[in-house]
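Biologist: I'd like to learn how to read strands and helices in a model. Could we start with the one on the screen?

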Amino acid sequence: MTPPPSIAARLEDARARIAAAEAAAGRSSGSVTLTVVTKTQPREAVAEVIAAGADVFGENRVQEAQARWPEHPRPRELRLIGPLQSNKVGAACDLFDVIETLDRDSLLQALATEAQKRGRCPRLLVQVNTGEEPQKSGVAPREADSLIARARSADLPIAGLMCIPPARAAPEAHFALLARIAAENGLTHLSMGMSEDFGTAIRFGATHVRLGSALFGARARPGA
Ligand SMILES: *Cc1c(COP(=O)(O)O)cnc(C)c1O
């Protein structure tokens with residue numbers, strides 16, 4: 001039996017697929033950033049992907065990220081891609097360069113308070129629940145414009161939008177919806193596309209794709 005591909009080989013393959021999708025979409029080379037999703041990964045796997053050149057990372061939980069990153073050199077960029085509780089906003093502002101999951105007014109207020117205290121704020125994406133799934137975080141699509149407007153009037157640095165399409169649906173309509181809301185609000189930074197659908201997401205304008213299992217193999221705990 002052939003051994004499973006190394007993390008370095010998977011990273012190289014993912015980079016090649018991103019480059020091919022950029023070219024196929026007529027987008028310039030390097031216009032899409034690969035965010036490596038490290039949730040539940042052991043230290044050795046993270047060390048391996050860093051050694052292979054990965055430098056942008058996504059974390060789902062503040063506490064897991066706080067425990068992990070002192071063990072590795074500070075990457076170029078750390079991004080929070082999981083839901084954020086208001087009581088963890090200070091810790092998240094200390095740790096992350098980008099928070100992708102602004103989705104409600106209470107969080108907006110907590111971020112504005114921290115930003116004022118510090119005189120700076122991570123760049124923010126608004127998470128949109130494009131499938132309007134009750135169990136999923138994210139602002140409803142019809143409420144996205146007003147949340148973006150309120151964040152801007154609170155001087156928060158809104159850079160773009162993020163979505164996680166419903167697990168078993170075709171993602172095209174969701175990516176198109178996110179891109180349309182972004183365009184209507186003058187936003188260009190689009191975090192969309194995961195291991196199964198990042199090629200499609202790039203076709204619809206993703207600037208950041210978030211890959212976990214494509215690099216590390218299937219997670220032991222599904223949905224973790
Ligand atoms: C886990 C996760 C990913 C990565 O998912 P894969 O399918 O393993 O690539 C991307 N984005 C978010 C928000 C996640 O929670």
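Modeller: Two bridges join β3 to strand β4 (residues 98–102), and the two run parallel. Strands pair if DSSP finds at least two bridges between them; strands (E, at least two residues) and helices (H or I, at least four) are DSSP runs numbered from the N terminus. This is a predicted model, where local features need pLDDT of at least 70, side-chain atom pairs count only at pLDDT 80 or more, and totals for chains, interfaces and linings use all residues. Residues are numbered from 1 along each chain as its sequence is written, and side-chain values use heavy atoms, with hydrogens and water left out.

Biologist: Which residue stands opposite Val98 in β4?

Modeller: That is Arg79. From β3 the chain crosses through helix α4 (residues 89–95) to β4, a right-handed β-α-β crossover: with the strands pointing away from the viewer, the path from the first strand over the helix to the second runs clockwise.

Biologist: Which residues of β3 are buried on each side?

Modeller: In a regular strand the side chains alternate between the two faces of the sheet. In β3 (residues 77–80), Glu77 and Arg79 are buried on one side, Leu78 and Leu80 on the other. Buried means under 20% relative accessible area, exposed over 50%, partly exposed in between (1.4 Å probe, protein chains only).

Biologist: And which residues of α1 are buried?

Modeller: Ile7, Leu11, Ala14, Ile18, Ala21 and Glu22. Down the axis of α1 they fall within an arc of 100° (taken from the directions from the helix axis to the C-beta atoms), so they line one face. The face turned away from the buried side carries exposed Glu12, Ala23 and Ala24.
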